[in-house]
Amino acid sequence: MAELLEWIDECKFLVEHSQPQVATGKLTRVAGLVMEAVGLKLPVGSVCTVVQKGAPPLEAEVVGFNGDKLFLMPATDVHGMTPGAKVIAQEPPPIAPKLGVKAHPWRRPEDKTKHLPVGDSLLGRVVDSNGKPLDTLGELKFEKRCPLAARPINPLEREPITETLDVGVRAINALLTVGRGQRIGLMAGSGVGKSVLLGMMARYTKADRVVVGLIGERGREVKEFIEQILGEEGLKRSVVIAAPADVSPLLRMQGAAYTQVVAEHFRDQGHNVLMIMDSLTRYAMAQREIALAIGEPPATKGYPPSVFAKLPTLVERAGNGRKGGGSITAFYTVLTEGDDQQDPIADSARAILDGHIVLSRQLAESGHYPAIDIEQSISRAMHNIVPPGHLNAARGLKAAFSKVQRNRDLITVGAYSPGADPQLDHSLALYPKIENLLQQSMLESASFDEALAGLQSLFPNEFKNDKH
């Protein structure tokens with residue numbers, strides 16, 4: 001009996017100190033953005049390391065397979081890679097609770113996807129797609145990691161959108177009221193004040209936490225957004241994840257997923273989160289690069305079908321949490337090439353989001369900032385969160401603004417005679433006040449109550465039956 005117990009103790013010691021067997025394969029092909037490997041059987045989304053003598057390790061992710069071949073997307077440049085390089089699957093240590101081996105603190109044994117740091121230690125920091133600091137504030141101190149891959153909450157378990165959210169922008173608060181937990185698209189071309197408007201919302205929105213994902217933008221704009229637009233005060237309660245245009249498409253997509261994971265962590269802690277992703281179009285372009293590289297056929301204007309499947313998968317993770325929990329109010333910017341509102345990504349985004357705000361180049365060129373085109377913009381949750389008087393006054397203002405815009409040419413050339421159209425005369429009388437309500441300096445904060453008071457001064461009769 002003693003010999004048996006001694007043998008069991010020896011087996012325990014050997015198991016506890018043994019090294020797990022590592023699954024390896026080899027690199028067989030590198031073509032453009034995609035690498036091919038054989039000898040491994042891994043699920044899509046698994047993380048691998050490619051190693052060879054004389055070159056630093058290269059991280060890659062499984063993005064597809066064909067028979068025994070795995071398609072890998074590298075996270076960095078593949079310069080220097082040679083045929084036959086070893087491909088190692090990154091897996092957590094095995095768990096054997098009966099033998100006293102401690103489980104990995106951040107991963108389940110069956111979870112092979114990447115896990116990245118989350119938590120309050122990220123506040124005020126700027127990190128890359130892997131959670132590594134880009135600022136000069138030292139290493140991150142975190143206690144938890146979360147997987148990038150996660151499923152959205154059951155829609156029947158979500159809290160409905162019932163509360164208004166003050167975003168600090170008068171035109172949005174008054175005419176495009178946003179609800180807490182809503183998902184809004186910001187449709188804009190280049191150079192019409194998109195980043196400035198995002199910075200205003202990041203600074204002035206009534207939110208506990210702000211998570212900003214700068215995906216696929218120019219590297220120069222990252223620093224400008226942080227220092228000039230977000231500002232020191234805005235950064236204190238914010239987390240910035242930057243994946244600029246010069247990184248691989250894999251890291252750009254990972255940056256978007258990481259932004260969502262950080263926001264979800266704060267929401268699950270009961271916080272009301274403002275999430276800003278700039279831009280959803282760059283995320284779609286990154287997925288297009290990957291899909292085309294592994295042989296998926298293009299469909300709509302060069303975008304493969306998987307792009308339009310990925311967009312709702314990302315967007316549906318935002319929104320309100322379960323009853324009694326927090327919320328994620330999300331703003332996704334959508335770049336409209338040539339100001340074309342029928343761009344396939346813009347069209348798809350309108351279908352899956354809870355509203356959209358369109359920025360007009362014509363308004364921007366005339367010095368009207370923020371250049372929000374209230375005629376083309378809409379908030380689909382507004383009718384559920386504001387009283388009827390507010391809703392009717394917003395509709396009245398839109399009608400008056402539209403009336404003047406449609407007759408602007410006649411008025412400019414002097415072809416319109418006052419008195420010919422009483423509705424147009426009334427709209428012309430209100431127009432200077434309407435413009436004053438819609439315009440706002442980037443350094444000015446306009447609360448929801450101030451915006452509502454300005455709207456009520458223009459249409460007092462609409463508010464008579466509302467209870468305040």
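**A colleague's note on the predicted model**

1. Let me start with Lys301, which is exposed, with a relative accessible area of 58%; exposed stands for over 50% relative accessible area, buried for under 20% and partly exposed for anything in between, using a 1.4 Å probe and protein chains only. Lys301 sits in the loop between H6 and helix H7 (305–315). Although Lys301 is not a glycine, its phi is positive, about 50 degrees. Helices (H or I, at least four residues) and strands (E, at least two) are DSSP runs, numbered from the N terminus.

2. A word on conventions before going further. This is a predicted model, in which local features need pLDDT of at least 70 and side-chain atom pairs count only at pLDDT 80 or more, while totals for chains, interfaces and linings use all residues. Residues are numbered from 1 along each chain as its sequence is written, and side-chain values use heavy atoms, with hydrogens and water left out.

3. Six strands form a closed barrel in the order E1-E2-E5-E4-E3-E6, with antiparallel pairing; two strands pair if DSSP finds at least two bridges between them. From one strand to the next, the twist averages 45 degrees. Strand E1 (residues 24–31) and strand E6 (residues 86–89) run antiparallel and are joined by three bridges. Look for Thr24, which stands opposite Ile88 in E6.

4. Next, please have a look at Gly131, in the loop between strand E8 (125–127) and strand E9 (144–147). Gly131 is buried, with a relative accessible area of 7%. Pro117 is 14 residues from Gly131 in sequence, and their C-alpha atoms are 6.2 Å apart. Leaving aside neighbours within four places in sequence, Gly131 is in contact (heavy atoms within 4.5 Å) with Pro117, Leu140 and Tyr258.

5. Helix H3 (residues 194–204) deserves a view of its own. Eight of its 11 residues are buried, so H3 is largely enclosed by the rest of the structure. The buried residues are Lys194, Leu197, Leu198, Gly199, Met200, Met201, Ala202 and Tyr204. Their cover includes helices H2 (170–175) and H4 (219–236), together with strands E12 (183–188), E13 (209–215), E15 (272–278) and E17 (327–335).

6. Gln260 belongs to helix H5 (residues 249–268). With 0% relative accessibility, Gln260 counts as buried. Not counting residues up to four places away in sequence, Gln260 touches Met275, Leu314, Arg317, Ala318, Ile328 and Tyr332.

7. The bond from Asp278 to Ser279 is cis, with omega near 15 degrees, and Ser279 lies in the loop between E15 and helix H6 (280–293). A cis peptide bond also joins Tyr369 and Pro370, with omega about -10 degrees; Pro370 is in the loop between helix H9 (361–365) and strand E19 (378–379).

8. H6 passes a simple length check. At 1.5 Å a residue, its 14 residues should span 20 Å, and the end C-alpha atoms are 20 Å apart, which agrees; the expected span is 1.5 Å times one less than the number of residues. Among the buried residues of H6 are Leu280, Tyr283, Met285, Gln287 and Ile290. Gly295 follows H6 and has a positive phi, near 100 degrees.

9. Now for helix packing. Helix H13 (residues 422–438) and helix H14 (residues 448–458) pack at an angle of about 175 degrees, with their axes 11 Å apart. That makes H13 roughly antiparallel to H14: angles over 145 degrees count as roughly antiparallel, under 35 as roughly parallel, 65 to 115 as roughly perpendicular and the rest as oblique. Axes are lines fitted to C-alpha atoms, for helices over the stretch in contact, and angles run from 0 to 180 degrees between N-to-C directions. Leu430, Lys433, Ile434 and Leu437 of H13 meet Ala451, Gly454, Leu455 and Leu458 of H14. By class, this contact has six nonpolar, one polar and one charged residues; Ala, Val, Leu, Ile, Met, Phe, Trp, Tyr, Cys and Pro count as nonpolar, Asp, Glu, Lys and Arg as charged, and the others, Gly among them, as polar.

10. H13 also packs with helix H11 (residues 388–406), at an angle of about 110 degrees and with the axes 8 Å apart. H11 and H13 are therefore roughly perpendicular to each other. Residues of H11 in this contact include Leu397, Phe401 and Val404, and those of H13 include Leu424, Tyr431 and Ile434. The contact divides into 10 nonpolar, three polar and one charged residues.
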